[in-house]
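Please keep the sequence and the 3D view open as you read.

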Amino acid sequence: DLELHLQRCQQLSVTVLTDHQDLSNTELKTITNSTAPQQYRIRAKLKTYKPQKLHQSVKLHCSKCNSLQEVPDRDDFDIILRGSAGTASNPELHNASWYESVTWTTQDQKQREIAIHFVKHDEMLQHPEDTLLMIEGGTLKEIWKLTKRFKCVIPVRSTEDDLELLDLSAPFLLQGNVKYYGCKQCSAPKPMKNLSSIAAEQQPSWEPAEIAQVLGIELLQYVFIMNFTLVDETGALNAYLFDY
């Protein structure tokens with residue numbers, strides 16, 4: 001919708017881009033010669049906008065180090081999953097006090113071993129819509145199937161001592177159709193046993209921010225960024241949109 005709106009804006013001779021009906025119009029030349037911050041109302045043409053494709057406007061932002069990065073595409077995630085699928089699940093880590101494990105071998109040529117660890121609450125499994133699970137050896141397709149039924153899915157791999165997150169280039173958590181990422185620079189990932197503290201809560205909500213905190217992850221936020229070039233008879237002005 002925004003892309004169509006921007007195309008229409010380009011076709012119009014004059015577009016009102018800000019509200020502030022109580023303010024009189026200010027020329028762009030006056031604005032560029034003023035010190036920030038100020039509040040203005042303008043009438044200007046939309047000359048150009050970037051990026052041209054709307055999906056490219058969505059970035060990942062770290063509020064701690066203020067970095068911006070591209071959202072990884074599904075191929076990157078798939079490659080990381082395929083790499084971790086080559087590591088066998090450690091049977092000594094199955095069926096801990098706070099999760100219950102199920103394993104099986106796929107019937108395809110590679111005969112992958114998949115392990116799913118269902119986190120328990122009060123020594124009981126929760127309803128699927130309230131359940132957090134950890135999966136080892138799953139493909140992207142298998143993980144998406146699980147996200148449709150269970151509340152939270154965390155891709156993991158086995159070490160000698162514990163389950164751990166994959167490379168932070170991959171999402172550390174999937175909830176519905178949303179992928180959550182952590183900042184590589186600011187995160188200090190902790191083993192999955194730290195999740196047991198949330199499982200022990202009276203009513204575990206499995207909120208992404210809380211999960212990130214106990215796992216030592218600095219949560220990245222999706223932000224929307226665009227760059228507009230506005231013009232009137234007196235000059236040009238670059239306007240930047242940055243919003244969560």
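## Inside the chain

M192 touches W98, M134, I154, V156, D162, L163, E164, L165 and L215, leaving aside residues up to four places away in sequence; contact here means heavy atoms within 4.5 Å. This is a predicted model, in which local features need pLDDT of at least 70 and side-chain atom pairs count only at pLDDT 80 or more, while totals for chains, interfaces and linings use all residues. Residues are numbered from 1 along each chain as its sequence is written, and side-chain values use heavy atoms, with hydrogens and water left out.

M192 also belongs to the largest nonpolar core, which has 25 residues; M134, I154, M192, L195 and I211 touch the most other members. At least two residues of this core come from each of β7 (132–136), β8 (152–158), β9 (163–165), α5 (196–199) and α6 (208–214). A second, separate core has 16 residues, including F118, L140, I143 and V153. A nonpolar core is a set of buried Ala, Val, Leu, Ile, Met, Phe, Trp, Tyr and Cys residues joined through side-chain atoms within 4.5 Å. Buried means under 20% relative accessible area, exposed over 50%, and partly exposed in between (1.4 Å probe, protein chains only). Helices (H or I, at least four residues) and strands (E, at least two) are DSSP runs, numbered from the N terminus. In soluble globular proteins, nonpolar side chains tend to be buried together.

An unreviewed UniProt entry places the feature "domain: Protection of telomeres protein 1 C-terminal insertion" at residues 75–218. UniProt positions follow the numbering used here, feature names are shortened, and annotations may be inferred rather than shown by experiment. Over residues 75–218 the chain is 22% helix and 27% strand, with the end C-alpha atoms 23 Å apart.

## Charged pairs

How many salt bridges are there? The count comes to four, taking a salt bridge as a side-chain nitrogen of Lys or Arg within 4 Å of a carboxyl oxygen of Asp or Glu. The table lists some of them, including E70 with K59.

| Pair | N to O distance |
|---|---|
| E70 and K59 | 2.7 Å |
| D78 and R82 | 3.0 Å |
| R157 and E164 | 3.0 Å |

E70 in strand β3 (residues 68–70) and K59 in strand β2 (residues 58–61) are 11 residues apart, and their pair links distant parts of the chain. E70 is exposed at 53% relative accessibility, whereas K59 is buried at 17%. D78 and R82 sit four residues apart in helix α3 (residues 74–85), so about one helical turn separates them. Here D78 is buried at 18% relative accessibility and R82 is exposed at 52%. In the remaining listed pair, R157 is partly exposed at 28%, and E164 is partly exposed at 29%.

## Backbone details

Most residues other than glycine have a negative phi, and most peptide bonds are trans. A cis peptide bond joins A36 and P37, with omega about -5°; P37 lies in the loop between α2 (28–32) and β1 (45–50). Another cis bond joins K50 and P51, with omega about -5°, and P51 is in the loop between β1 and β2.

Where does D122 lie? D122 is in the loop between β5 (113–121) and β6 (124–125), and its phi is positive, at about 55°. E123 lies in the loop between β5 and β6, with a positive phi near 65°. D122 is exposed at 64% relative accessibility, and E123 is exposed at 69%.
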